[in-house]
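Hello,

Here is the model for you to look through. My notes follow below it.

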Amino acid sequence: MNNLVGKREKDIEKYRKKIFKSKEECRRIFAKEPFEKKIRLAFELYKRGEYLKKFK
Amino acid sequence: MENKEIERVFKVVNKMYQEGVIKDYAISGAVATIYYTEPFATQDIDIFFISPKKEGIILLTPFYDFLLKKGYKTFKEYIMIGNTPIQFIPASTDLEKEAIENANTVKYKNIEVKILKPEYLIAIFLKVYRPKDRDKLIKLLDQTHINKTLLLNILKTFKLNKRYDEFIKKYYE
């Protein structure tokens with residue numbers, strides 16, 4: 001049973017690594033987007049952040 | 001924020017530059033970083049500028065006069081161009097002045113905009129070194145091509161090598 005749990009944890013860890021690797025890859029792809037789009041997104045993200053803060 | 005509003009900001013800054021209201025300028029801070037990295041939240045646009053000098057005195061009056069005559073309002077330390085808060089920062093250190101002189105000229109739609117090079121942004125963020133600057137340092141080092149020779153020269157000139165080494169040791173080793 002313990003071994004089974006151990007195996008699952010290992011699998012989860014492997015899956016997590018895969019997710020983080022993919023996220024890093026996405027960041028590099030986003031970095032190559034046009035400047036116009038990135039600026040617009042930056043200000044939108046700020047606005048959304050401010051909106052979400054209202055629910056604290 | 002609409003793209004048209006950002007366009008307006010860059011047009012105003014260019015006009016100030018062409019008319020000699022400011023001697024030189026470059027976009028810095030988060031917006032400059034975003035040019036090289038993934039987008040992340042920011043509330044304002046930071047612009048470093050060099051004022052014209054008259055008999056050795058730095059003139060800031062024409063700069064404020066120009067903006068206020070155009071009807072732009074101030075809010076705290078910002079100048080509001082439309083709904084966009086702009087922080088105009090007079091370049092005071094040699095690092096900032098050199099960074100402006102060596103800035104990249106890029107295009108935002110059809111408007112030419114001067115943006116600090118990533119190597120100078122790294123040096124400036126290392127100097128200021130607030131938590132948010134460290135975040136930007138990581139983004140720049142991870143997501144853009146850095147000219148290592150240029151960076152090391154800048155760090156050596158402005159005595160920032162030690163802080164850079166400490167930063168690399170803390171976050172990359």
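**Helix packing in chain B**

H5(B) passes H7(B) in a right-handed crossing. A crossing is right-handed if the near helix is turned clockwise from the far one by less than a right angle, and left-handed if anticlockwise. The axes of H5(B) and H7(B), the latter spanning residues 148-157, come within 9 Å and cross at roughly 35°. Axes here are lines fitted to C-alpha atoms, for helices over the stretch in contact, and angles run from 0 to 180 degrees between N-to-C directions. Helices (H or I, at least four residues) and strands (E, at least two) are DSSP runs, numbered from the N terminus.

From H5(B), Glu119(B), Tyr120(B), Ile122(B) and Ala123(B) make the contact. From H7(B), the residues are Leu150(B), Leu151(B), Ile154(B) and Leu155(B). Two residues are in contact if their C-beta atoms, placed from the backbone, lie within 7 Å. By class, the H5(B)-H7(B) contact has seven nonpolar residues, no polar ones and one charged. Ala, Val, Leu, Ile, Met, Phe, Trp, Tyr, Cys and Pro count as nonpolar; Asp, Glu, Lys and Arg count as charged; the others, Gly among them, count as polar.

**Ground rules**

This is a predicted model: local features need pLDDT of at least 70, side-chain atom pairs count only at pLDDT 80 or more, and totals for chains, interfaces and linings use all residues. Residues are numbered from 1 along each chain as its sequence is written, while chains are lettered from A and ligands numbered from 1 in the order in which they are written.

**The core**

The largest nonpolar core has 46 residues. A nonpolar core is a set of buried Ala, Val, Leu, Ile, Met, Phe, Trp, Tyr and Cys residues joined through C-beta atoms within 7 Å. Buried means that 20 or more other C-beta atoms lie within 10 Å of a residue's own; exposed means 12 or fewer, and partly exposed is in between, with C-beta atoms placed from the backbone. Tyr25(B), Ala26(B), Ile27(B), Ile47(B), Ile115(B), Leu116(B) and Leu121(B) touch the most other members. H5(B) gives the largest share of this core, seven residues.

Which residues does Tyr25(B) contact, leaving aside neighbours within four places in sequence? They are Val13(B), Tyr17(B), Ile47(B), Phe48(B), Phe49(B), Ile100(B) and Lys114(B).

**Strands and turns**

S2(B) (residues 45-50) and S7(B) (residues 84-90) run parallel, joined by five bridges. Strands pair if DSSP finds at least two bridges between them. Ile47(B) stands opposite Phe88(B) in S7(B). S7(B) also runs antiparallel to S6(B) (residues 78-81), with three bridges. There, Met80(B) has Pro85(B) as its bridge partner. The S6(B)-S7(B) hairpin has two residues between the strands, and Gly82(B) takes a positive phi near 65°.

S8(B) and S9(B) pair in the antiparallel sense over five bridges. Val106(B) faces Val113(B) across that pairing, standing opposite it in S9(B). This hairpin, too, has two residues between the strands. Lys109(B) lies in the loop there. Its phi is positive, near 55°, in a residue other than glycine. Lys109(B) is partly exposed, with 14 other C-beta atoms within 10 Å.

Tyr129(B) also has a positive phi without being a glycine, at about 55°. Tyr129(B) sits in the loop between H5(B) (118-128) and H6(B) (131-143). Tyr129(B) is partly exposed, with 15 other C-beta atoms within 10 Å.

**Chain A and the interface**

Chain A has two helices and zero strands. Of its 56 residues, 7% are buried. Lys14(A) is in H1(A), residues 2-31. Lys14(A) counts as exposed, with 9 C-beta neighbours inside 10 Å. Lys14(A) and Glu36(A) are 22 residues apart in sequence, yet 37 Å apart in space, C-alpha to C-alpha.

Across the interface, 20 residues of chain B are in contact with 15 residues of chain A. On the chain B side, H1(B) (3-18), H2(B) (29-36) and S8(B) (104-108) give two or more residues each. The largest share, five residues, comes from H2(B). The chain B side divides into twelve nonpolar, six polar and two charged residues.

Is H2(B) itself buried or exposed? Eight of its eight residues are buried, so H2(B) is largely enclosed by the rest of the structure.

Best wishes
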